[in-house]
Structure formats: structure tokens, C-alpha cells
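This report describes selected local features of one protein model.

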Amino acid sequence: MSSPIVVCIGNPLLDIQVSPQDGPKYLEKYGLKANDAILAEEKHMPIYEDIVANSEVTYVAGGAAQNAARAASYVLPEKSVAYIGSVGDDDLKQTLQKVNETEGVVSAYEVQPAPTKTGACAVILSNHDRSLVTTLRAAEMFHKEHLAKPEVAALIDGAKFFYIGGFFLTHGIESALEVAKAASSRGKTVVLNLSAPFIAQFFKVQLEELLPHVDILIGNESEAAAYAEAAGLADATPEQVASTLAVFSKSNASRPRVVIITQGPDSTLVASSSPSASPANLSPNDPNPKIYPVPKLAADKIIDTNGAGDMFAGGLLGALAQGKSLDEAIEVGHKLGQMCCGQIGPKLQFPKVNVL
Ligand code: 26A
């Protein structure tokens, strides 16, 4: 069997979703913003038991990079994508592993002994917004040594595309840095997702330590705004942030950096450090950032937006690994992002629809 071509690394989480009908009362009770992703503080900790006891919840496989791994797998042959992260030895892990297996993703989990539990994310829906409150548990106990285990090292050695969740930087940068440095020095493609506004806000130093080894950076408009604020560019437009991040220092300068900023239903922006040499193959006459319109999605087609950004990123990644151009890969990303909006939670449509 050939080795996976894509390796994704992140925090494996089980999502516990509350419907838009019940969502607002929890937003108020726990002082949450309607559209955000945070690490649970002490005051949020009761939320997990609270929602399970007092609302009808839906359990779905989550963890931002794990969602992206499943999306990449959607457009690739089975076992083309591997996912690395840390879980507990419990039923939550069984659920996540089973979903990966069904969707063709190879799980390369580090398993923490009991009583450490697999991480969870309370997903509070309201209208078309989602508020994510995460308790990482086992996910934050990932050890760099896991990467050196023969079966994991072989996966990393064989892959050509690496996807790192920005969320993974919350509990240390060592592992991400090791993977990104090794990959970029060997001319492989490293993709990083900005993940959430709080990453740029509170982990800017870590982000900028990793950035030189990143070929493709993906974020959304609120993450771009958070980076602008943290970098002292307070009034910068998303276009300006994309262009600034594209020319941030790069270790492998022979390959341009591409920065992709999604804006929900509005156009996606793609800035490149070297337009004509980038995979987008921009001509000198093209604008930089280049603008990619997003097909319209009727409001009544949106069930919930949890995971849509991850499915965009994973679809794009899978399409690139399949040899598609960046233009084509962005189109695939848009299709999977929209497909996810029509499902409950970070899921895609099965039986598979051809999106390539
Ligand atoms: C460190 N944090 C806060 C997180 C996350 C996270 N994945 C990794 N680390 N907080 C929320 N998520 C996941 O993001 C997906 C939506 O983009 C949720 O599990 C959800 O599936």
C-alpha cells in the first residue's frame, strides 16, 4: 500500500452541538460571542454537562484539522490522508477513529492513558453563527516524541503535503515547527490555518516563528483583522493583511507564499509573494490579491456553519494533492465549504458527490 500523500496535525475533539433554538440561552449564560472559537476558562467548564443535561445535543466528529483531513480525503483515494493528534483511551476516541476510518483517513493518534479524556468542543449554534468552546484535555498532551515513532515517522516521510491547525500552537510550537521545518527544507508543501482570532491575538509570536516555513496560509476575515490588530496595522483591509503575510520572511524562498483569506459568502482573496511563480499562476496584469467570487448559497440551504472553513481548507488541500491548480483547488474548497453548511456539524455529503 502506498503511503498517504497528506498529513494533517491538530487537536482531535468531539463536538457536542446545541441547536439554534436552544443556543442563545447558553450564549447569554456563559457570556459567549455568537461567532467565535475559544478555549474554555474556569467559568465555562460547567457548559459540557449543562448542555447534555438540559438540551438535545448532537455528537459529531470535530477538531478543526481533523475536519480538514476528512475533507481532503473526500477528494482523494482512500488512505491518502493521515491525521496526527492526541486523544484519551475512551469512547470519544473510538467515535473519532471510526469516522476517520469510514471516510478513508488514517488515524495516527497518540493515546493518553485513563483517566485523561479525549477533548471536546461545545458548539453553540444561533442563526447561522457558531460559538465554539473547547476543552482540550488529551489534545494538549501531545508529545514531540510521537512524531519519531517508526509508524508515524514513516507517514511523515512519505507525505508531500502537511496541514497544521493554528489551534495546535496553543500548547507549544515544538512539534509543529519540527514538522514544518523538515517538510519545507525538503521542498514539500506546508499549509497553516490561522484557526481563530485568538491565535493571532495571543499566539502571534508562535505564529510568526512558524510562518517562515509555511507555503500556504489560510484564514478568514476575522482572523485577518485580529492579525492586523496584533501587528499594529489596525485599519488594514483583508487585502492588505493578505499581502503583508504573503511577503513575511520565508525559509524556502525558492517557492512563493500564498495567503488565502475567505470571507464567508463574500469573495475569497489570494495574495502571493511572487505572483507569476505561485501555484495560482497569476499574470503580471492580475490583481494581487486575486479575487475569487463565491457561488451564492441560499439562506434556506444553510443548516449550520460549524466546520465550513475547515472543509474549504481540506478540499483545497486535497485538490492540490490531486495535482489541481490553485484556481481549481479554490473552487473545490468553495464547494466543500458550502456542502458542509448544508449538514449538521462538520460533515460532508455521502455517498460522495464529485466536486473535482
Ligand atoms: C484549541 N482550540 C480552541 C481548538 C478548537 C478546535 N479545534 C482545535 N483546537 N476549537 C474548536 N475547534 C474545532 O473547530 C471546528 C470548526 O472549525 C471544533 O471541534 C469544530 O469542529
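D215 is buried, at 4% relative accessibility; buried means under 20% relative accessible area, exposed over 50%, and partly exposed in between (1.4 Å probe, protein chains only). The model is predicted, so local features need pLDDT of at least 70 and side-chain atom pairs count only at pLDDT 80 or more, whereas totals for chains, interfaces and linings use all residues. Residues are numbered from 1 along each chain as its sequence is written, and side-chain values use heavy atoms, with hydrogens and water left out.

**Salt bridges**

The partner of D215 in a salt bridge is K250, with 2.7 Å between the closest N and O atoms. A salt bridge is here a side-chain nitrogen of Lys or Arg within 4 Å of a carboxyl oxygen of Asp or Glu. D215 belongs to the loop between α8 (204–210) and β11 (216–220), and K250 to the loop between α10 (238–246) and β12 (258–263), so the pair ties together parts that are 35 residues apart in sequence. Helices (H or I, at least four residues) and strands (E, at least two) are DSSP runs, numbered from the N terminus. K250 is also buried, with a relative accessible area of 18%. A network of salt bridges links D215, K250 and R255.

In total, the structure holds 10 salt bridges. Three of them are set out below.

| D215 | K250 | 2.7 Å |

E178 is partly exposed, with a relative accessible area of 35%, and K144 is partly exposed at 28%.

**The surroundings of N252**

The loop between α10 and β12 also contains N252, which is buried at 14% relative accessibility. The N252 side chain makes a polar contact of 2.6 Å with the side chain of S254. A polar contact is a pair of N or O atoms within 3.5 Å; within protein, one must be able to donate a hydrogen and the other to accept it, and residues adjacent in sequence count only if both atoms are side-chain atoms. Leaving aside residues up to four places away in sequence, N252 touches S184, G187 and P212, where contact means heavy atoms within 4.5 Å.

**Helix packing**

Two packed helices are described by the angle between their axes and the distance between the axes. Helix α11 (residues 308–321) packs with helix α12 (residues 326–341) at an angle of about 145°, and their axes are 7 Å apart. Axes are lines fitted to C-alpha atoms, for helices over the stretch in contact, and angles run from 0 to 180 degrees between N-to-C directions. From α11, the contributing residues include M311, F312, L316 and L320, and from α12 they include I330, V332, L336 and C340. The residues of this contact comprise 13 nonpolar, 4 polar and no charged; Ala, Val, Leu, Ile, Met, Phe, Trp, Tyr, Cys and Pro count as nonpolar, Asp, Glu, Lys and Arg as charged, and the others, Gly among them, as polar.

In helix α9 (residues 221–230), the buried residues are E223, A224, A226, Y227 and A228. These buried residues pack against β10, α7, α8, β11, α10 and β12. Just after α9, G232 adopts a positive phi of about 75°.

**Backbone features**

Two cis peptide bonds may be noted. One runs from A114 to P115, with omega near 10°, and P115 is placed in the loop between β6 (105–112) and β7 (119–126). Another runs from F350 to P351, with omega near -5°, and P351 lies in the segment after α12.

S195 has a phi near 70°. S195 is located in the loop between β10 (189–193) and α7 (197–202) and is buried at 12% relative accessibility.
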